[in-house]
Structures are given as C-alpha cells and as structure tokens.
Amino acid sequence: MSNTETNKQSVILKEYGKNIQRLAVHISAMEDRDKRTQSAFLLVEMVKQLNPQMKAENDQKIWDDLHIMSNFKLDVDGPYPAPDPEILDRKPKRVGYPKGEV
C-alpha cells in the first residue's frame with residue numbers, strides 16, 4: 001500500500017489510530033499464515049501496551065476490532081472466531097420508555 005493510499009484511507013476505529021490500522025491491513029496481506037497469526041498476536045499485545053485502559057477490556061474486543069480494521073480480510077488462527085461483517089450494519093436495539101410514572 002503506497003503512502004498516498006494510506007492518507008486517503010479513513011481511520012475505521014479512531015481509538016486505535018492510523019498506524020495500528022495500517023499494521024492490521026499489512027498483517028492481513030501477509031502470505032504465510034503462521035507468520036500472519038504470530039504478527040496478529042503481537043499486534044494485540046502492542047495494543048494492550050499502548051492503551052493501558054484496554055488491558056481491562058476483554059481480549060475478544062481487541063481481536064474483533066482487529067478484524068474490523070482489516071476489513072474482515074484477516075485470516076489467522078486466533079483465539080476467537082472472526083465476527084460477522086453484518087455487525088457494522090446492525091442498528092442498536094430500541095430503548096423503551098417507562099410506561100408508568102417516573
């Protein structure tokens with residue numbers, strides 16, 4: 001991916017930043033599956049170190065976000081299954097208003 005393509009590409013998950021997203025895309029483009037898997041595990045650990053608040057998060061959230069940042073092209077032997085791409089199109093459930101007195 002050239003530098004101009006990266007600048008044009010918008011950041012999907014802003015909490016991780018442009019560089020983490022670029023690494024996720026780079027990892028998804030690797031040929032060797034074992035090396036791709038190892039790099040994905042390293043990236044998850046790097047995200048935890050860069051964002052200490054993410055250590056308290058569930059690892060599955062970080063893995064799901066990694067798949068989202070790579071446009072669901074990341075094919076690795078991860079600890080969690082890849083999320084369904086339709087999760088991005090789902091609308092949140094409607095919150096009902098109380099029917100009784102407040």
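Trainee: Where is the place of Leu50?
Mentor: Leu50 has its place in helix α3. A helix here is a DSSP run of H or I with at least four residues, while a strand is a run of E with at least two, and both are numbered from the N terminus. This is a predicted model, in which local features need pLDDT of at least 70 and side-chain atom pairs need 80 or more, while totals for chains, interfaces and linings use all residues. Residues are numbered from 1 along each chain as its sequence is written, and side-chain values use heavy atoms, with hydrogens and water left out.

Trainee: Why is Leu50 called exposed?
Mentor: Buried means under 20% relative accessible area, exposed means over 50%, and partly exposed lies in between (1.4 Å probe, protein chains only). Leu50 has 52%, so Leu50 is exposed.

Trainee: And why does Lys18 count as partly exposed?
Mentor: Lys18 lies in helix α2. Its relative accessibility is 43%, so Lys18 counts as partly exposed.

Trainee: How many helices and strands does the protein have?
Mentor: Four helices and zero strands. From the N terminus on, the order is α-α-α-α.

Trainee: How do you know that the span of α3 agrees with its residues?
Mentor: The expected span is 1.5 Å times one less than the number of residues. α3 has 18 residues, so it should span 26 Å; its end C-alpha atoms are 25 Å apart, which agrees.

Trainee: Which residues of α3 are buried?
Mentor: Among them are Thr37, Ala40, Leu43, Val44 and Val47. The buried residues of α3 pack against α2 and α4.

Trainee: How much of the whole protein counts as buried?
Mentor: Of its 102 residues, 32% count as buried. The protein exposes about 7,700 Å², and carbon and sulfur atoms supply 51% of that area.

Trainee: What makes a set of residues a nonpolar core?
Mentor: The members must be buried Ala, Val, Leu, Ile, Met, Phe, Trp, Tyr or Cys residues, joined through side-chain atoms within 4.5 Å. The largest such core here has 17 residues, and Tyr16, Leu66 and Met69 touch the most other members. The elements giving two or more residues to this core are α2 (18–28), α3 (33–50) and α4 (59–69). α4 gives the most, with five residues.

Trainee: What does Tyr16 touch?
Mentor: Contact means heavy atoms within 4.5 Å. Leaving out residues up to four places away in sequence, Tyr16 touches Val47, Asn51, Met54, Lys61, Ile62, Asp65 and Met69.

Trainee: How many salt bridges does the count come to?
Mentor: The count comes to six. A salt bridge needs a side-chain nitrogen of Lys or Arg within 4 Å of a carboxyl oxygen of Asp or Glu.

Trainee: What makes Arg33 and Asp77 a salt bridge?
Mentor: Their closest N and O atoms are 2.6 Å apart, and the limit is 4 Å, so the pair is a salt bridge. The pair links distant parts of the chain: Arg33 is in helix α3, Asp77 is in the segment after α4, and 44 residues separate them.

Trainee: Which residue forms a salt bridge with Asp59?
Mentor: Lys48 does, with the closest N and O atoms 2.9 Å apart. This pair also links distant parts of the chain, with Asp59 in helix α4 and Lys48 in helix α3, eleven residues apart.

Trainee: Where do Lys61 and Asp65 lie?
Mentor: Both lie in helix α4, four residues apart, about one turn of the helix.

Trainee: Why is Asp65 called buried?
Mentor: Its relative accessible area is 7%, so Asp65 is buried. Lys61, at 31% relative accessibility, counts as partly exposed.

Note on methods
Areas by Shrake-Rupley, 256 points an atom, 1.4 Å probe, with all protein chains shown as cover.
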